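Here is a short briefing on one protein chain. Keep the structure open while reading.

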Amino acid sequence: MNRQAQGVLLLLFGGAVLRASLTDLYLRYVKEGLRPFLITAGLLLVVAAIMTLWYELRPTAGEHDGHGHHEPRVGWLLILPVLGLLLVAPPALGSYAASQSGTALNAPRQSDYPPLPDADPAPVSVLDYAARALFDRGASIGDRRVQLTGFLTTGEDGRPILARMVLSCCAADGRPVKLGLTGEVPVGLPDDTWVEVIGRYSDRIGRDPVNDAEIPYLQVESWRRIPAPKQQYD
């Protein structure tokens, strides 16, 4: 690849990084706190691209390289993936990723859980409810109603499972937390549909067929379909 192609590639890639980090698009790939680093990286790539193109296209550069060898034009094909990133952004991890990975619930370092929020129902994350239901056996939940948000994926028995992807750093290390549903289970909805469910603790425990880990259940009292949230990861 010649320097002109390198400069164009850097410019497009830097632009793609900036486009993602200056909108909510970056939340599909990394945690929210990494936004300043993405913006900095994108700016550095754009500056490097401009300097490369300026050096290559200035008159003295043309005289100096006039008799140099020419790189194969096939190198320009490397621009296509970057154009794809600019024009078609991959979606956030969803039901397919959840079905391929075992539930990622790990025992907490502390055994005491803080009280639930005072609201009725109490809004909790899928991760928080799953940890309380599995490792605290619901003691910190009691008979309280809870409200959770997640996407649906189909379980091994064909019944829907409520899931949410959890990131340590970025989408590459994303793992699902899964909840079995009983009671007024959402029906007739395709995978990756986002729902808000209200229910109570259930002592029922299932098994994840992927890694044989325990999956807690939620006794659903009501549910409603919602748009995908801005922050789709826990």
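This is a predicted model: local features need pLDDT of at least 70, side-chain atom pairs count only at pLDDT 80 or more; totals for chains, interfaces and linings use all residues.

The points below cover loop backbone, one arginine and a helix pair.

**Loops and backbone geometry**

- Asp192 sits in the loop that links S4 to strand S5 (194-207).
- Its phi is positive, about 75 degrees, although Asp192 is not a glycine.
- Asp212 also has a positive phi, near 65 degrees, and is a residue other than glycine.
- The loop that holds Asp212 runs between S5 and strand S6 (214-225).
- A cis peptide bond leads from Asp120 to Pro121, with omega near 5 degrees.
- Pro121 belongs to the loop between helix H5 (95-100) and strand S1 (122-123).

- Arg175 is part of strand S4, which spans residues 175-183.
- Its relative accessible area is 34%, so Arg175 counts as partly exposed.
- Leaving out residues up to four places away in sequence, Arg175 touches Ser101, Gly102, Thr103, Ala104, Arg164, Met165, Val166 and Asn211.
- Gly102 is 73 residues from Arg175 along the chain, yet their C-alpha atoms are 7.5 Å apart.
- A polar atom of the Arg175 side chain lies 3.1 Å from the backbone oxygen of Gly102.

**Helices H1 and H2**

- Helix H1 covers residues 3-21 and helix H2 covers residues 35-57.
- The two pack at an angle of about 155 degrees, and their axes are 8 Å apart.
- H1 is therefore roughly antiparallel to H2, since angles over 145 degrees fall in that class.
- The crossing of H1 past H2 is left-handed.
- Sorted by class, the H1 contact with H2 holds 15 nonpolar, seven polar and three charged residues.

**Phe37 on H2**

- Phe37 is a residue of helix H2.
- Phe37 is exposed, because its relative accessible area is 60%, and exposed means over 50%.
- Ser21 and Phe37 are 16 residues apart in sequence. Between the C-alpha atoms of Ser21 and Phe37, the separation in space is 9.1 Å.

Technical notes: Residues are numbered from 1 along each chain as its sequence is written. Side-chain values use heavy atoms; hydrogens and water are left out. Helices (H or I, at least four residues) and strands (E, at least two) are DSSP runs, numbered from the N terminus. Buried means under 20% relative accessible area, exposed over 50%, partly exposed in between (1.4 Å probe, protein chains only). Contact means heavy atoms within 4.5 Å. A polar contact is a pair of N or O atoms within 3.5 Å; within protein, one must be able to donate a hydrogen and the other to accept it, and residues adjacent in sequence count only if both atoms are side-chain atoms. Axes are lines fitted to C-alpha atoms, for helices over the stretch in contact, and angles run from 0 to 180 degrees between N-to-C directions. Angles under 35 degrees count as roughly parallel, over 145 as roughly antiparallel, 65 to 115 as roughly perpendicular and the rest as oblique. A crossing is left-handed if the near helix is turned anticlockwise from the far one by less than a right angle, and right-handed if clockwise. Ala, Val, Leu, Ile, Met, Phe, Trp, Tyr, Cys and Pro count as nonpolar, Asp, Glu, Lys and Arg as charged, and the others, Gly among them, as polar.
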